[in-house]
Amino acid sequence: MRLIGIYANTNDQIREQQWKTIENRTAVWGMNWMGAGDMNDILSNDEKWGGNLRGERSIRMFRSFVNKN
């Protein structure tokens, strides 16, 4: 089992690349890993308390990452 510490970038493009990198690593790790940290992302705008709403693209990318992993 692996524990992966994650601090995702606040920039959508960089964060998207971080999700892809982790997904690519699962080919080596298998499903025996757990990620913990600050994802700087949400699965739905319903999770937000104030501020600007998050773009649907960012939400879709993170939701896809969570569902795959």
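Me: What should I know before reading the values?
Reply: It's a predicted model, where local features need pLDDT of at least 70, side-chain atom pairs count only at pLDDT 80 or more, and totals for chains, interfaces and linings use all residues. Residues are numbered from 1 along each chain as its sequence is written, and side-chain values use heavy atoms, with hydrogens and water left out.

Me: Why is Ser58 called buried?
Reply: Its relative accessible area is 3%, and buried means under 20% (1.4 Å probe, protein chains only), with over 50% called exposed and anything in between partly exposed. So Ser58 counts as buried. Ser58 sits in helix H2, residues 56-68; helices here are DSSP runs of H or I with at least four residues, strands are E runs of at least two, and both are numbered from the N terminus. Leaving aside neighbours within four places in sequence, Ser58 is in contact (heavy atoms within 4.5 Å) with Asp12, Arg15 and Asp41.

Me: What makes Lys68 exposed?
Reply: Lys68 has 54% relative accessibility, so it counts as exposed. Lys68 is also in helix H2, and it touches Glu23 and Met31, not counting residues up to four places away in sequence.

Me: How do you know how H1 is oriented against H2?
Reply: Helix H1 (residues 12-29) and H2 pack at an angle of about 15°, with their axes 11 Å apart. That makes H1 roughly parallel to H2, because angles under 35 degrees count as roughly parallel, over 145 as roughly antiparallel, 65 to 115 as roughly perpendicular and the rest as oblique. The axes are lines fitted to C-alpha atoms over the stretch in contact, and angles run from 0 to 180 degrees between N-to-C directions.

Me: Which residues of H1 and H2 meet?
Reply: From H1, Asp12, Arg15, Glu16, Trp19, Ile22 and Glu23 meet Arg57, Ser58, Met61, Phe62, Phe65 and Lys68 of H2.

Me: What makes up the largest nonpolar core?
Reply: Ten residues: Ile4, Ile6, Ala8, Trp19, Ile22, Trp29, Trp33, Met39, Phe62 and Phe65.

Me: What is the phi of Asn40?
Reply: It's positive, about 50°, although Asn40 is not a glycine. Most residues other than glycine have a negative phi. Asn40 lies in the loop between strand E2 (33-38) and H2.

Note on methods:
Core = buried A, V, L, I, M, F, W, Y, C linked by side-chain atoms within 4.5 Å.
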